[in-house]
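Here are some notes for you to read with the model open beside them.

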Amino acid sequence: MDIMYKKKNAYAAADSAELARITEYCEGYKKFLDNGKTERETVAETIKLVAAAGYKPYALGDKIAKGAKLYYDNRGKSLFVLRAGTADIAKNGVRILVAHVDSPRLDLKQVPLFEKSDIAYLKTHYYGGIKKYQWLTIPLALHGVVALKSGKTVNVAIGEKDSDPVFYITDLLPHLSQEINSKTIAEGFQAENLNLVIGGIPARGEDKDAVKKGVMALLNEKYGITEEDFLSAELEAVPAVKARDVGIDRAFISSYGHDDRVCAYPEITATLQTDTDQTVLTVLADKEEIGSEGNTGMQCVLISDILDAVAASYGVNPAALRAKSQCISADVTAAYDPAYASAFEENNVGKVGYGVAMNKYTGARGKSGSNDASAEYIARLRAAFEKDGVIWQTGELGRVDLGGGGTVAKYISKMNIDTVDMGVPVLSMHAPCELVSKVDVYQAHKAFSAFIK
Ligand code: MN
Ligand code: MN
């Protein structure tokens with residue numbers, strides 16, 4: 001018995017067969033990233049995957065048969081995937097995996113289109129925590145829906161194909177930046193300047209707002225929409241970039257929105273591929289980045305309704321079922337970045353390449369706002385991970401009192417369910433392109449698989 005704890009580099013521990021499995025697994029992940037850049041697209045992409053595996057749509061109120069494989073599509077923005085097991089749920093409860101599929105981005109305002117100095121722009125209101133300067137001068141794509149009064153919904157995706165145009169936010173040239181350079185970053189980069197360039201050709205025979213009219217005519221021709229239809233639209237500007245291998249050894253993947261699709265994908269692959277007789281509820285949530293609010297976020301009673309339906313169908317008391325259930329709140333954590341070493345405490349932060357990371361607690365200023373998972377629950381998980389050879393590490397969101405953050409964990413644990421945060425360490429989190437290590441993504445799949453056995 002080794003009496004000293006030592007973290008393991010998961011790449012160093014992998015033989016060539018394991019390295020090949022990691023590479024292959026991450027090819028699937030990259031496809032998942034490119035096929036779904038928003039919460040709506042990720043839910044649609046996941047429905048394709050689970051439907052292909054035999055999962056059927058569930059209607060609230062329906063009885064759930066033992067052995068059933070079901071999914072509940074909540075408004076196209078969050079998804080509940082249920083494997084109704086044959087194991088005794090009065091004893092084992094439900095194994096719950098939750099990740100979120102919304103990512104920081106720039107949402108269009110409701111009256112977005114304006115023109116200034118013969119350039120047409122779209123006004124945005126940023127969603128989630130961003131460093132505003134990172135979104136300037138990069139190609140941006142526009143994704144989302146325009147809901148019409150007729151009840152019809154128009155899907156929009158512009159900027160992903162090589163032949164598509166993209167959108168762009170300008171920055172001031174360095175030659176003239178002396179004033180901005182002496183300001184703080186918060187003062188120098190204003191949210192109301194995050195306007196997307198959408199056009200520059202004036203419509204013929206118009207003297208006022210001619211470029212804006214030209215843009216609107218093109219949108220009307222392509223999508224059949226009028227300017228008023230923006231009032232009932234959800235359009236999101238996201239980086240027009242694809243997931244790419246990083247490094248000559250291809251150790252890493254850069255992509256928009258690893259947070260938190262890098263946990264959503266392993267959740268889904270673990271759910272579909274693991275041989276288990278447990279009842280498993282896998283959730284893709286929306287609105288985590290703005291506090292899990294609303295009827296598609298994890299503060300919504302819907303998860304409770306679905307657990308109640310499981311309890312009723314199996315003839316188990318719902319409170320007793322919750323007390324026996326367990327959850328992994330699968331969300332990313334900050335990875336140690338040697339370039340910003342002072343932001344972290346090296347022994348307790350997650351490191352890229354060292355496997356999936358478990359955060360016993362999150363929060364800020366003395367764990368405030370955190371779900372602090374119990375030692376007993378973590379011990380049970382340690383045993384399950386060891387049995388399956390999962391390489392995992394602990395994580396903490398940076399140096400104490402530097403900042404902090406939260407996840408959906410506290411909303412699940414509030415229902416009297418043992419819950420802990422666990423996910424892939426991310427470099428440059430919330431940047432337009434984030435970085436993860438492939439081996440950590442693969443270990444997340446192994447961990448979630450061990451959890452639901
Ligand atoms: Mn997250
Ligand atoms: Mn986040």
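1. Start with the second largest cavity, whose lining has seven nonpolar residues, no polar ones and no charged ones. Keep in mind that you're looking at a predicted model. The space inside comes to about 40 Å³.

2. How many cavities of 30 Å³ or more are there? The count is two. The largest cavity holds about 80 Å³ of space. Around the largest cavity you'll find L122, L142, V156, I158, F167, I198, L219, Y223, I225, F230 and L235. Its lining has 11 nonpolar residues, with no polar and no charged ones. Both β8 (153-158) and α6 (210-223) supply at least two of the lining residues.

3. Now for the largest pocket, with about 1200 Å³ of space in it. It's lined by 42 residues, and the closest to its centre are A334, L397, G404, M429 and H430.

4. On to helices. Two packed helices are described by the angle between their axes and the distance between the axes. For α7 (residues 258-273) and α12 (residues 438-451), the angle is about 45 degrees and the axes are 8 Å apart. That angle is why α7 counts as oblique to α12. The crossing of α7 past α12 is right-handed. On the α7 side, the contact uses V262, C263, P266, E267, T269, A270 and Q273, while α12 brings V441, A444, H445, F448 and S449. Sorted by class, these contact residues are seven nonpolar, four polar and one charged.

5. Helix α7 also packs with α1 (residues 16-35), at an angle of about 125 degrees and with the axes 10 Å apart. So α1 and α7 are oblique to each other, and α1 passes α7 in a right-handed crossing. Which residues of α1 meet α7? They are Y25, G28, Y29, F32 and L33, and they meet H258, R261, V262, Y265, P266 and T269 in α7. This contact divides into seven nonpolar, three polar and one charged residue.

Methods: Residues numbered from 1 in each chain as written. Chains lettered and ligands numbered in written order. Predicted model: local features only at pLDDT ≥ 70, side-chain atom pairs only at ≥ 80, totals over all residues. Heavy atoms only, no water. Axes fitted to C-alpha atoms, helices over the stretch in contact; angles between N-to-C directions. Helix = DSSP H or I, 4+ residues; strand = E, 2+ residues; numbered from the N terminus. Parallel < 35°, antiparallel > 145°, perpendicular 65-115°, else oblique. Left-handed = near helix turned anticlockwise from the far one by under 90°. Contact = heavy atoms within 4.5 Å. Nonpolar A, V, L, I, M, F, W, Y, C, P; charged D, E, K, R; others polar. 1 Å grid on protein atoms, 1.4 Å probe; cavity = no way out; pocket = protein on both sides within 12 Å on 5 of 7 lines; lining within 4 Å. Points joined across faces, edges and corners; volume = space filled by probe spheres on them.
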